[in-house]
Amino acid sequence: MAVTTIRDLLVDAFPGGEIDVDDRTGGGDHFQVTVVSDAFNGLSLIQQHKLVNAALAGPLADGTIHELRIRTKGTA
Amino acid sequence: MSTLQDQIKQVIDTEPVVVFMKGTPDAPACGNSMRALQALWQAGAPITGVDVLPDPRIRQELTALSEWPTIPQVFVKGELIGGADITEELFASGELKDKIDEALGDEHPQTVRTLALALD
């Protein structure tokens, strides 16, 4: 799966957020995503990661993302 | 025999700290499972490891319960704290140790064991 596809999903889910997607191995299935968004303000880390997992639920469920590393940060 | 989901639920509810992982604490089969174990160990946590690899249904039932899609999954006193990234981040900030000490008391023993689910 292309980095741009993952980024598009995250941009849709976190409009106005700062989004960075890295294909860690170049194989299109191990990704590091970093999202900075006001959507995370006031949420616990686990709630923040759940929002990212939800945004990428499709490719996570069908196995196109084999490994996902997540870093999140609010803007507050 | 209880269903697989009942067994998983019981493990989560009764084990102080449980990691659903690929492989076992003795022989982790995935770098991310290893990262979670290392952070927990350094935070002084007792660890019960459950290998999800013997049967794909373990992961399916676990994710249905936890609503968390990836492995590893770390639970402290029945509560999902997250996967490898969150466990590492909480360790780095000192919150993981606080959480473990708060949940188990300052004097808890640190043991590591592997628990196998009964598969029919």
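In the hairpin formed by S3(B) and S4(B), 2 residues lie between the strands, and B:Lys77 takes a positive phi near 50°. Helices (H or I, at least four residues) and strands (E, at least two) are DSSP runs, numbered from the N terminus. The model is a predicted one, in which local features need pLDDT of at least 70 and side-chain atom pairs count only at pLDDT 80 or more, while totals for chains, interfaces and linings use all residues. Residues are numbered from 1 along each chain as its sequence is written, and chains are lettered from A and ligands numbered from 1 in the order in which they are written.

In chain B, 5 strands form an open sheet in the order S4-S3-S1-S2-S5, with mixed pairing; two strands pair if DSSP finds at least two bridges between them. Strand S4 (79-82) and strand S5 (112-114) of chain B stand at the edges, each with a single partner strand, so one side of each is left without a neighbour in the sheet. From one strand to the next, the twist averages 25°.

The pairings can be followed strand by strand. S3(B) and S4(B) run antiparallel and are joined by 3 bridges, with B:Val76 opposite B:Glu79 in S4(B). Strand S1 (residues 17-21) of chain B also runs antiparallel to S3(B), through 4 bridges, and B:Val18 has B:Phe75 as its bridge partner in S3(B). Strand S2 (residues 47-51) of chain B, by contrast, runs parallel to S5(B), and 3 bridges join them; here B:Thr48 stands opposite B:Arg113. A residue is buried if 20 or more other C-beta atoms lie within 10 Å of its own, exposed if 12 or fewer, and partly exposed in between, with C-beta atoms placed from the backbone.

Helices come next. H4(B) lies across strand S3 (73-76) and S4 of chain B, at about 85° to S4(B). Axes are lines fitted to C-alpha atoms, for helices over the stretch in contact, and angles run from 0 to 180 degrees between N-to-C directions. Helix H4 (residues 84-93) of chain B also packs with helix H5 (residues 95-104) of chain B at an angle of about 90°, their axes being 5 Å apart. In this contact, B:Thr87, B:Leu90, B:Phe91 and B:Ser93 in H4(B) meet B:Glu95, B:Leu96 and B:Lys99 in H5(B); residues are in contact if their C-beta atoms, placed from the backbone, lie within 7 Å.

Helix H1 (residues 4-14) and helix H3 (residues 56-66) of chain B have axes that come within 9 Å and cross at roughly 65°. On the H1(B) side, B:Leu4, B:Gln5, B:Ile8 and B:Lys9 meet B:Arg57, B:Ile58, B:Glu61, B:Leu62 and B:Leu65 in H3(B).

Between the chains, the contact takes 10 residues from chain B and 11 residues from chain A. S4 and H4 of chain B each supply at least two residues of the side that touches chain A.

In chain A, A:Asp29 sits in the loop between strand S1 (18-23) and strand S2 (30-36). A:Asp29 is partly exposed, with 16 other C-beta atoms within 10 Å. Leaving aside neighbours within four places in sequence, A:Asp29 is in contact with A:Met1, A:Thr64, A:Ile65 and A:His66.

Key
Two residues are in contact if their C-beta atoms, placed from the backbone, lie within 7 Å.
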